[in-house]
Amino acid sequence: MEDLLKCNFCGKNKNEITFLISGINGHICNICIEKTYSIIHKKFTVKHNNNNNELLIKIKKPKEIKSFLDKYVIGQNEAKKIISVAVYNHYKRIQKNNENHNYKNIEIEKSNVLLIGKTGTGKTLLAKSISKLLRVPFAIADATTLTEAGYVGEDVESILTKLLQSVNYDVNSAEKGIIFLDEIDKISRKRNNPSITRDVSGEGVQQALLKILEGSVINVPPQGGRKHPDQKMIQINTENILFIAGGTFDGIEKIISNRIEKMSIGFITQEKRKKNDEKNYLKNIFTEDLKKFGLIPEIIGRFPIVTYLNPLNRNMLKKILVEPKNALIKQYQKLFDIDHISLNITDEALNIIADKTFQLGLGARGLRTFCEKIFLDYMFEIENIQSTLNIDQDIVKQKLSYS
């Protein structure tokens with residue numbers, strides 16, 4: 001009777017195959033299992049070049065990249081231009097290094113990018129938008145969770161775990177991805193700290209990050225967190241992973257202004273000093289300013305491209321509400337449209353939302369907070385709304401308790 005058992009998929013008898021797995025109402029052979037795995041693996045992994053098994057990335061020219069970013073990020077033209085060139089050169093470098101050219105004779109270093117700007121200016125959005133355009137693996141890691149080995153927190157290698165998890169542990173895909181390292185300013189060396197305890201989330205973490213940033217083969221814990229001796233590690237080469245770091249760097253403008261004033265001593269008038277106070281000092285940032293802030297020289301060297309994001313003014317905040325491809329108001333209009341409700345909001349109402357957000361200095365994130373307050377009650381009682389919802393300035397003032 002056992003000899004009559006056969007695979008319900010291909011029909012092969014038990015004596016024709018290596019082994020047969022039996023279920024409640026059927027059987028499957030090892031050959032069909034292997035074929036099924038192959039189909040699933042091809043479906044959910046990134047397409048690779050058949051000749052050298054390298055990740056295929058369609059490289060966009062810098063102008064194409066910036067044009068795409070313009071759809072999602074309002075303003076910040078200088079930052080978008082710098083990032084577009086950096087990303088283009090990074091993936092061009094990968095492509096040429098994998099081809100049989102004379103480029104092997106000259107080593108082109110990675111173009112890791114450091115973004116400096118106030119909260120809500122679009123640092124994370126820029127990185128996300130680039131990964132969306134290039135269709136490469138992308139992960140966001142929070143530097144504030146990292147600590148030195150042996151202390152409570154996460155090892156620095158855990159930032160690579162997030163990238164691995166985003167591509168279902170396909171190492172080859174992960175090795176061509178982008179990691180956005182947020183809040184990097186929070187791991188700066190603590191200055192004038194009278195505490196005798198170690199700075200376990202500062203300089204030590206920066207030192208640990210060096211090897212990952214420069215391009216090395218790293219042993220990564222599959223589940224993140226802390227490494228332990230019995231854990232099986234996954235090896236990742238970070239040579240072609242692009243790191244984009246972001247931070248607010250609160251207080252660095254004071255460091256820059258002090259440097260500029262020291263250089264201009266004796267030539268600066270009271271009127272000029274007042275104008276300087278209104279400037280965006282980040283335009284004049286030097287590596288020595290980052291060093292004074294608390295980043296070690298080695299970590300600064302791993303980010304050859306440093307750019308800044310301008311603070312958002314009222315006009316930019318209003319544009320962010322309505323103009324980008326995924327603008328907040330467009331999202332709410334879509335949500336209401338699903339329930340066959342047409343959402344209309346007046347220009348005056350938009351002005352109030354932008355003005356309130358600007359006054360509190362919350363950046364683009366503040367816009368969502370206020371929009372949630374405005375639309376919450378309407379969404380909760382959505383069945384009572386007829387075909388149209390009109391939002392004017394009086395409604396916004398009432399919802400935001402505007403004074």
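Helix α13 passes α15 in a right-handed crossing. This is a predicted model.

**α13 against α15**

The two axes come within 11 Å and cross at roughly 20°. Angles under 35 degrees count as roughly parallel, so α13 and α15 are roughly parallel to each other. From α13, the contact takes Leu 328, Ile 329, Gln 331, Tyr 332, Leu 335 and Phe 336. From α15, it takes Leu 367, Arg 368, Cys 371, Glu 372, Phe 375, Tyr 378 and Met 379. By class, these divide into 10 nonpolar, one polar and two charged residues.

**α14 against α15**

Helix α14 covers residues 347–360. Its axis lies 9 Å from that of α15, and the packing angle is about 130°. That angle makes α14 oblique to α15. The crossing is right-handed. On the α14 side, the contact residues are Ile 353, Ala 354, Lys 356, Thr 357 and Leu 360. They meet Gly 363, Gly 366, Leu 367, Phe 370 and Ile 374 in α15. The contact has six nonpolar, three polar and one charged residues.

**α12 against α15**

Helix α12 spans residues 314–322. It packs on α15 at about 55°, with the axes 10 Å apart. The pair is therefore oblique. Here too the handedness can be stated: the crossing of α12 and α15 is right-handed. Leu 317, Ile 320 and Leu 321 represent α12 in the contact. Their partners in α15 are Gly 363, Ala 364, Leu 367 and Cys 371.

Leu 367 of α15 meets α12, α13 and α14. Gly 363 takes part in the contacts with α12 and α14. Cys 371 takes part in those with α12 and α13.

| Helix pair | Axis angle | Axis distance |
|---|---|---|
| α12 and α15 | about 55° | 10 Å |
| α13 and α15 | roughly 20° | within 11 Å |
| α14 and α15 | about 130° | 9 Å |

**The largest pocket**

The largest pocket has a volume of about 650 Å³. Its lining counts 25 residues, and the closest to the centre are Gly 120, Gly 122, Leu 125, Ala 364 and Arg 365. Which of them gives the largest share? Helix α4 does, with four residues. By class, the lining has 10 nonpolar, nine polar and six charged residues. Ala 364 ties the pocket to the helix packing: it is among the residues closest to the pocket centre, and it also meets α12.

**The second largest pocket**

The second largest pocket has a volume of about 240 Å³. Which residues line the second largest pocket? The lining consists of Arg 93, Glu 107, Glu 109, Lys 110, Asn 112, Leu 213, Glu 214, Glu 239, Gly 301, Arg 302 and Pro 304. These divide into two nonpolar, two polar and seven charged residues. Among the charged ones are Arg 93, Glu 107 and Lys 110.

Notes. Residues numbered from 1 in each chain as written. Predicted model: local features only at pLDDT ≥ 70, side-chain atom pairs only at ≥ 80, totals over all residues. Heavy atoms only, no water. 1 Å grid on protein atoms, 1.4 Å probe; cavity = no way out; pocket = protein on both sides within 12 Å on 5 of 7 lines; lining within 4 Å. Points joined across faces, edges and corners; volume = space filled by probe spheres on them. Helix = DSSP H or I, 4+ residues; strand = E, 2+ residues; numbered from the N terminus. Axes fitted to C-alpha atoms, helices over the stretch in contact; angles between N-to-C directions. Parallel < 35°, antiparallel > 145°, perpendicular 65-115°, else oblique. Left-handed = near helix turned anticlockwise from the far one by under 90°. Contact = heavy atoms within 4.5 Å.
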